[in-house]
Amino acid sequence: MPTHAPDTVMDTLRAADPEVATIVAAEAERQETTIELIASENHASPAVMAAAGTVMTNKYAEGYPGRRYYGGCLHHDAIERLAQERAKKLFGCSYANVQPHSGAQANMAAFLATMDPGNTFASLVLKDGGHLSHGMKINFSGIFYNPVHYALHYDKAHPEHERIDYDSVRAVCKEHKPRVLLCGYSAYPRVIDFARFREIADEAGALLVADVAHIAGLIATGVHPSPFPHAHVVTTTTHKSLRGPRGGLVMTNDEELSKKINKALFPGIQGGPLMHIVAAKAVALGEALTHEFKTYQQQVVANAQTLAGALSAHGYRITSGGTDNHLMLVDLTARDAELTGKDAEGWLEGAGIITNKNGIPDDARSPMVTSGLRLGAPATTTRGFGEPEMREVAAWIDRVLSAGLKGADELARTTETVRAEVRDMCARFPLPHAAH
Ligand SMILES: *Cc1c(COP(=O)(O)O)cnc(C)c1O
């Protein structure tokens with residue numbers, strides 16, 4: 001294992017538990033030497049990881065600042081208030097709950113705060129880019145509530161092909177009178193028109209919940225329009241484009257709703273908050289308030305658009321014709337009718353390019369196979385890739401997939417050369433931490 005800067009965290013771990021240290025070091029090496037294109041992943045800063053590794057993990061702080069169920073919470077009150085203040089400033093809202101353990105928990109709290117069991121809500125279905133917590137049958141959202149789904153434009157001749165069909169949103173809301181209209185997605189490459197969603201929610205007497213888990217970093221820096229003041233409740237993760245520790249946030253401008261959200265989070269669905277993660281969220285939110293973070297987010301979008309353009313030039317189809325944000329869906333069948341997301345993901349991983357297979361709108365293949373890949377630029381941009389590097393990435397993707405289509409021998413040869421080239425490029429763009 002190559003050794004970079006001395007790392008006291010890893011030294012401590014190695015001395016205390018070599019078995020765990022070996023696995024963690026191998027993962028650090030994997031991250032250092034591969035190109036991360038999974039749209040929901042990123043590389044958190046050394047300061048974020050340092051905060052997550054502090055004594056803040058030792059404390060029970062059930063409740064909220066000034067209203068705890070345990071003594072000794074003085075500094076936990078301070079850190080949680082700081083995280084709340086930074087979240088409110090960053091997103092321009094009046095109330096922020098920083099305790100959700102994850103994005104799914106944030107959504108669960110939003111649902112509990114806005115609906116009764118059995119109530120109807122409208123969302124985009126998972127296979128079109130929604131999230132499993134947006135009404136999948138075997139998720140809490142589909143078990144305890146009644147999801148109805150609006151659609152994308154599926155008409156190839158329509159100028160908005162594969163984009164949100166706002167007429168469908170309106171029609172579904174008119175027919176089902178949902179308690180909540182949910183927008184925000186896991187695999188949607190275009191701008192979300194929050195004002196239009198709010199207009200439709202108002203017509204239907206629904207509350208608008210915006211789940212901005214993927215695009216939070218873009219929103220925080222004005223690179224994507226803000227859900228405020230349109231959405232009644234905004235939920236997000238903190239670990240995707242926002243580049244913080246794994247976790248969630250729930251935000252609102254409405255005092256009554258904020259009380260319901262707090263109650264829903266604790267004692268509704270969680271016990272003690274992960275205070276070391278709250279500390280790391282405070283650090284990440286602080287980083288997100290800097291000018292550098294805005295420049296970073298602008299580069300994320302530029303890099304995603306460059307990657308999308310370069311892949312189109314290689315004969316792939318980007319769904320909806322491109323991207324406005326940090327991610328894209330690549331329709332592999334445009335390159336070759338036999339190419340599947342499953343094969344592409346596996347072949348690329350062999351060459352050190354990490355992606356995830358993903359259904360494309362109206363996909364004829366099953367979710368375990370798929371016709372698409374979802375690619376995102378947040379992680380590569382964090383390590384300093386610019387547009388020339390994104391064009392190289394597109395060329396590598398095409399080389400590997402073309403070789404795979406030709407057969408096992410060709411794939412093995414190409415994988416070996418591309419893997420070496422990927423390693424070289426990664427070495428030129430080291431991660432902000434070097435925890436080996
Ligand atoms: C990732 C994601 C979530 C859930 O986040 P977890 O932290 O994995 O629970 C929720 N909603 C959307 C739209 C997401 O993309």
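Guide: Here is a walk along the boundary between the domains. This is a predicted model, in which local features need pLDDT of at least 70 and side-chain atom pairs count only at pLDDT 80 or more, while totals for chains, interfaces and linings use all residues. Residues are numbered from 1 along each chain as its sequence is written, and side-chain values use heavy atoms, with hydrogens and water left out.

The protein chain splits into domain 1 (55-288) and domain 2 (291-434), with bounds that come from an automatic or database domain assignment. Their C-alpha centres are 28 Å apart. At the boundary, 24 residues of domain 1 are in contact with 24 residues of domain 2 (contact means heavy atoms within 4.5 Å).

Together the two domains bury about 2200 Å², with 56% of it on carbon and sulfur atoms; buried area is the accessible area (1.4 Å probe) that two parts lose on being put together, summed over both. Of the area that domain 1 buries against domain 2, Glu 162, Pro 189 and Arg 243 supply 28%, more than any other three residues.
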